[in-house]
Amino acid sequence: MKKFIAAACVVVVLFFMGYYAYYHMGIYIDLDPDAPVTTFMKTDEDTIYMERDGNYEAFEIRGVNMGVGIPGEWATDYAIDKETYLRWFQYIQDMGANTIRVYTILHDDFYNAFYEYNTAREAAGEEPLWLIHGVWVNDYVQNSHRDAYDDEFLQTFINDCKTVVDILHGEKNFSLGRGLGSGSYRKDVSQWVIGYILGVEWEDVTVAYTNEKYPERNSYTGTYMYTTEDATPFEAMLAQVGDSIIEYETTRYKEQRLIAFSNWPTTDPFLYPEVITNFFLKCAQVDVEHIKTTDAFLSGQFASYHVYPYYPDYMNYVLNPVEIVSETPLWTGGGNDPSPAAGTAGGTPYEEAMTGDVAEDYYDRDGRENTYYAYLKMLNNHHTIPVVISEYGVSTGRGMAQRDINTGRNQGHMTEQEQGQAIIDCYEDIMDAGSAGSCVFTWQDEWFKRTWNTMANVDLDNTPYWSDYQTNEQYFGLLTFDPGEKESVCYVDGDPSEWKEEDIVLSDSSGSLSMKYDEKFLYFYVEGDFDPESDILYIPIDTTQKTGSTYCENYDISFERACDFVICIDGRENSRVVVQERYEVLRAMFMHETDDMDAYLNVPDADTPVFQNIDLMLQTATPLLTGNWEASAETYETGALRYGNANPEADSFDSLADYMFTGNGVEIRIPWQLLNFGNPSEMMIHDDYYENYGVELIPIDEMYVGFAVNKDTDSRIAMESFALEGWGKTVTYHERLKESYYMLKDYWAGL
C-alpha cells in the first residue's frame, strides 16, 4: 500500500511538473520534425494574399484597432468581459471591417469570445473576423537607460513573442500585468490570425543609442530572416526577434503567418532637409528593407506604419520651406539638402521616394494639396513589400493638440460627423497611395488616456474615473461612453424639460440659475425675462479661495465674491469662458513656449481684475511654417463656446456643442478641465500655481455661482453655493456608436 501511495505521488508530481513545463514555461518536444509547415497568408511586392479553397486571393486588411480600456478601469485591469467582446465583434463586422488588431496579450475572455464568435460565424457559412496580434515592448524599458540588446529589452521581447504564439494556439497558462488578470488559454484561435506586428512606436533615442553603442552588431543571419549589408544594429535586433517568432511557431506548431515590425514617422527610413531634421530632433531611422526573408519563410513580410495627417507633417515643411527672420536663407527648397543631423545614420533621402512631379506628389484625387497622401506615396514607393497603415484616425475630443493645415483633419476638436469624413478621406488616401491595408485607430474611447498638452493639468493617477473632454487622446473611438447608466443627466438641446425645481441654485425676480453634473460636464440652465439671442448673460464662478477678483475689467462687472471664471453668453458667435489671469494654467505652464518668458518672474496679483481667454497649446512646429523663431508654439482659444444641439438623438446633433437657447433661457455644458478641475471624481481643483511652482491639486466641496443679464456696473452680482460631492471610483456610463461609425459603415458598404 505504501509503495502504491508513493508511486501515485510520484505520478502526480510528474504530471504537475510536466503540466507546468508545457503550459507555463513553453517547454515541448517536437515529436514530428518532418511534418509539413503550412501557411494561409502570403505576400508579393505590394499585395497580401489569403488562401481560400486552395487558391490565394488578394486580401485587403480593412481593420480596426482595439484597446482594453473601459470607464472606471485601467487598461491593465483587463476589465472587458466576454459578452462585451462578442457584442463589439459583431458591431465591427457589421461596419464592414474584416480585421481587428490588438497590441498586446489580453485576458483569456478576449480569446474565448473570439473563438466563440468565429466558430458561430463559420458554422453559419459567414466570413470570420481576422486578427492581427501585436507584441508589446514596455514603455518603461524603452524610456530608460536600456538599449535594445539589454536582456530586459531583447530577451523579454523574444519571450513575449513565444508567449503570444502559445496563447493563440491555446497552449498557455499566463498571469497578466499587475496580477489583476490571469488566463488559462485553451482556445486555439490561430486559424484566424493573419499575422503579427512586433514592437511599438520606437523611441528614436533608444534606436540611436543602440546603434551608437553596438556598431559591430549590424548584421544577423537566421533560418528565416537575415539582414542586408546596410542594416543598423537596431534593425539586426528586429531581424533576430522576427526570426525567433517564426522559428518557434514553425517548430512547435508547424505554421507560419505574416510578420511586420511596428514603425512611425519619428523613425521612418527617410532623411529630410537639415532644418526639419534638427527641429524635430529626428535622430534615427528604422528601415525594414534591410531585413530580408529566406525561402524557408513561406508566408510573407509587410511594412507597418502608424501615420496620422497632422504630426509630424514632414512633407508640409518640405513643400513650404521657410527663411529665418534675418532674411538669411535657412533652407530655400529646390535642391533640398538631405544631410542629416549629427547622430542620424542609414537613412534614404526623401526625394528618392518621390515621383519627381510636384503635382503628382502633393495633390490627391480631388486636387487638394495633401501632404498626408504625399507621405503615404513615399512609403509605398520606398518599400518592396506591402505597406499597411496600421494606425490612422482623428479624435472627437473637445481639446485639440495638433492641426492638419492642408485638409483640416485635426488631432481633436472635430465633430463625430467630421471624424467620419476624415477617416474616409484618410482611407482613400491610404488606398490611392498603393497600400495593402489599414487599421482605424480606434474602436472605443478610453477615459484613462492622456495627451501632451493637457497632462500637466490633471491627476494622472485617477484619469479612468472621469471623461476628460479636453484631452483629445480619450476620444479616437468609433464607439463612445456617455455618462449615465442609460442616458446622461442632461442634454444641451434647447429642451428644458429635464430641469427640475430641485436643480435651482439661486433665483430672483429676473430669473433662475440651475445646475447639475456628471462624469463629463458641469451643466447650467438659466431662464428668465430675457432674450438669449440679443441679451448678454454673465455667469461668474468662484472655485478657489486662493485667488480671484470681485471685479472683471473685461466686461466691467462686479461680483459679491472673488471669482475665478466668467461664462459670457453673447449670441451664437461670441460666447466664451474667461479665467482670471492668476488662475490661467497656460500662462503658468507654457509661457516660455508661447512668449519666451518665465511665468514665475512676473507673477500676476492674486486679486488681479484682468481675465484672459482660455487657450490651449497646439502646434509646436510653428517656426517651420512662419519663419518666426522667437516663439516655438501656437495656441488656440479652447474657452470659446460653440452653439448647437448636443443631443445625440437630434437630427442636427453637434457633438462639440457647448450651449443652446431654449426660448427664454440657455442650457450650457462645460467640461471639467476647462474650469481647472484636475480630478472631479474627488472634486480636486488646481491650487495657486505660483505658490507651488506648477499644478498641485486641492479639494473643494462647493463652488459659488451667480448670473446677470446685461449687467450694469452699479451693483454686484449675487452668488450662491453649489455643493460638490464627487463620485469616487464608481462611474456610470452607457455605450453609444458615434455618427462616424455609421458613416464609415455606409462608405465601406458602397465599395
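Predicted model: local features only at pLDDT ≥ 70, side-chain atom pairs only at ≥ 80, totals over all residues.
Residues are numbered from 1 along each chain as its sequence is written. Local features need pLDDT of at least 70, side-chain atom pairs count only at pLDDT 80 or more, totals for chains, interfaces and linings use all residues, and side-chain values use heavy atoms, without hydrogens and water.

**Exercise 1.** State which parts of the chain the salt bridge of R252 with D166 ties together, and whether R252 is buried or exposed.

*Solution.* Step 1: a salt bridge is a side-chain nitrogen of Lys or Arg within 4 Å of a carboxyl oxygen of Asp or Glu. For R252 and D166, the closest N and O atoms are 3.2 Å apart. Step 2: R252 lies in helix α7 and D166 in helix α5, so the pair ties together parts that are 86 residues apart in sequence. (Helices are DSSP runs of H or I, at least four residues; strands are runs of E, at least two.) Step 3: R252 and D166 are buried (under 20% relative accessible area, 1.4 Å probe, protein chains only; exposed is over 50%, partly exposed in between).

**Exercise 2.** Locate the salt bridge between R582 and D688.

*Solution.* Step 1: the side chains meet at 2.7 Å, N to O. Step 2: R582 is in the loop between β28 and α13, and D688 in the loop between β35 and α15, 106 residues apart. Step 3: both residues, R582 and D688, are buried.
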